[in-house]
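This report goes through one protein model, part by part. Keep the sequence and the 3D view open while reading.

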Amino acid sequence: MKMNFVYCALCCATLLAGNAQAAGRIEIESFVLAPTQLERDTAFEVCVTVKASGVPTVSYVLRTSGPVEEGAGPPSFDHYETNRKLAFMAEEGQVHLRDNGAHDLDPKDHAFRIRVDTQGWPLGQHDLILFAHNRPGTGNHIKDSRLFSVVITEDRVRLIDQSRLGETRFTRCEVIPAIVEPGGKATLRFAWAGSDGAGVTVRQPYFVRPEQSPTPFIYDATHVSSLADEGETLLRDNGALDQNRESGVMEVPLDTRAWPPGLYYLEVKLPTASGRIDLRHTVVSVRAPEDHLNVQVSPSWPMVPGTHAERMTRMADGTLLHTAHYSEDGGQRWEARESGTLGAGSVQLRDGRVLGMSYRTLPIEGREGWYRGKRYESSDGGLTVAGPLETQFYVPQAKAAQGHALHPGPLYMRSIVERPDGSLVALMAGWFKGDDTPCPYSPKRPYSRTYTCESDDGGATWRYLSTIGYDHIGSEGYNEGAMELLPDGRLIAVMRTGSMKDKNCQDNPIMISLSDDGGATWSVPKRTGMHGAFPDLAVLSDGTLALSYGRPGASVAFSSDVGATWTDHTSVDPTPYSGYTSICEVAPGELLMIFGTKDRVDPQTGELSTGIRVARIRYAEK
């Protein structure tokens, strides 16, 4: 499993710099494992060269690619992270291996060669990953990575570069039909070219609850749901569940009569005798009786570099804005803005001004409860930007706490709404004094909350207004979200409570709340029936709501009753990492959705790519 991890050694004086810095790039140009065959208990070397631009620091991380029990990983990986169950090679107690540091045998800059001793490694296959990234440091996490495996047998060690697929590879991995009517039947179809494929492994990505594991999938003690022949770990070619007798072609029927409606994302691997694995992702979409829309999703296309999509904004003239980029042709092409970013999320106010803010804030020394952030303004529809300008937040109960990183102050959640009187409401998240109960994500992280601040001076100063949600819910508590103004004047907010990547908690609902007094009070948050990361919300011209969400996959759902019920759940991309999404209407019945990817597998070629992608969604009544 590939994950996006943020390793932070943050200093308050530099915490805000990342939001304003120019987009950087790190690319692994060469990756060599040598030797690829060796005797047991001897050493091999991992050699990489890196091309980097716009980043002040490049370091390396070498760790297990997925969870391992403490003590079960390679002995030379002596730093163990308990909450994620990952084992790392460490340098002076740190997981960042410095360029030209103690482990680096190559004296050249941006060239890294590390010697790895296999002495005492347990028998079996050890899946590892090497990152080159811009840590320790602040700002966007810029990185590239390579997966490889070390196979330990009784007398030999074999190294496998997983980024280079062998001759045996998928030629087909699909669900037929793509959308299954309630109680209908579907078929998983696989085919591959090559002679050493014995079958496939099929599982739901990440971790699920027992009721989310459909028949005949097997739910195990690690909260993993997988499909396999009885007594096996894979679906064997010509095995009991395969109804196609041709070698290298499989057809596995699925009876969905007992399946609740929804999206069932699947990770499919084709292991081969050489130890190499071809990976694909697909989805079984089971419609609900109340679904009433015909939803069409275009193939996606690359947008801009990055792994996390921030909030997209549509201007009155149709121009689309996303951080430091803009599009004037409905999202087909995106240009970088020379004057810089608009922050994590922006809004066009009624006077035409565009206002955005950065994600993080810092305490103001000597002023209890006051925090300093950065805002960005544009008077020409987002084409040029003034900023960063200082903005101040008064949140008297706020405190610093550990989230995915250390957060010294309130966090801006990408959304600003303008009230009828011209005052502003911003969606925020973070921790208050007394928010101390640890959440399942990590014993160092307390449950967080989502709240609002208001401004009556155009965004220069903000004051705490109200809490929308705080509870011991999900793996993290209320945090990321989106807020919009409804046609009837009410405010609506959707909020994340965790991530399906957290093994310790499989119930991470996206919650919804409404305010009929401009954000001063909010209804008790209710479940939407969806789970996932950083939901985004769009109020469409016909009154319909569209909600995008991710992890696993990138998905969209619709509501015609102001969020009371959600229908027509539709997959936009099946890649598990597609966690951060944004959606907006570009024409009646037509949406644009963006989503971040890391090591996305092209469904046709199997090639890997990383970046923010765009898809066009059209919907109409059936």
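How many residues of strand β47 (residues 545–550) are buried? Six of the six are, so β47 is largely enclosed by the rest of the structure. Buried means under 20% relative accessible area, exposed means over 50%, and partly exposed is in between, with a 1.4 Å probe and protein chains only.

## About the model

This is a predicted model, in which local features need pLDDT of at least 70 and side-chain atom pairs count only at pLDDT 80 or more, while totals for chains, interfaces and linings use all residues. Residues are numbered from 1 along each chain as its sequence is written, and side-chain values use heavy atoms, leaving out hydrogens and water.

Strands (E, at least two residues) and helices (H or I, at least four) are DSSP runs, numbered from the N terminus. Both faces of β47 are covered. L545, L547 and Y549 are buried on one side, and A546, S548 and G550 are buried on the other.

Two strands pair if DSSP finds at least two bridges between them. Strand β46 (residues 533–539) pairs with β47 in the antiparallel sense over five bridges, and V539 has L545 as its bridge partner. Five residues lie between the strands of this hairpin, where G543 takes a positive phi near 90 degrees. Strand β48 (residues 554–559) runs antiparallel to β47 and is joined to it by six bridges; here Y549 is the bridge partner of S555. The hairpin of β47 and β48 has three residues between the strands, and R551 in the turn has a positive phi of about 75 degrees.

## The nonpolar cores

A nonpolar core is a set of buried Ala, Val, Leu, Ile, Met, Phe, Trp, Tyr and Cys residues joined through side-chain atoms within 4.5 Å. The largest one has 31 residues, of which F44, V46, Y60, L62, V116, F148 and V150 touch the most other members. Strands that each supply at least two residues of this core include β1 (25–34), β3 (43–53) and β10 (143–152). Apart from it lies another core of 23 residues, among them L188, V200, V202 and V284.

Contact means heavy atoms within 4.5 Å. Leaving aside neighbours within four places in sequence, the contacts of V46 include F31, L33, I114 and F148.

## Aromatic rings

Rings of Phe, Tyr and Trp (its six-membered ring) pair if their centres lie within 6.5 Å; planes under 30 degrees apart count as stacked, over 60 as edge-to-face and the rest as tilted. The whole structure has 15 aromatic pairs. F170 and F190 form a tilted pair, 6.4 Å centre to centre with 50 degrees between the planes. F170 lies in strand β12 (residues 169–176) and F190 in strand β14 (residues 185–193), so the pair ties together parts that are 20 residues apart in sequence.

The rings of F393 and W462 are stacked, because their planes are at 15 degrees, with the centres 6.2 Å apart. F393 is in strand β32 (residues 386–394) and W462 in strand β41 (residues 461–470), 69 residues apart. Relative accessibility is 2% for F393 and 0% for W462.

## A buried asparagine

N508 lies in the loop between β43 (491–495) and β44 (509–515). Why does N508 count as buried? Its relative accessibility is 0%.

A polar contact is a pair of N or O atoms within 3.5 Å; within protein, one must be able to donate a hydrogen and the other to accept it, and residues adjacent in sequence count only if both atoms are side-chain atoms. The side chain of N508 reaches the backbone nitrogen of S475 at 2.8 Å. A polar atom of the N508 side chain also lies 3.4 Å from the backbone oxygen of S499.
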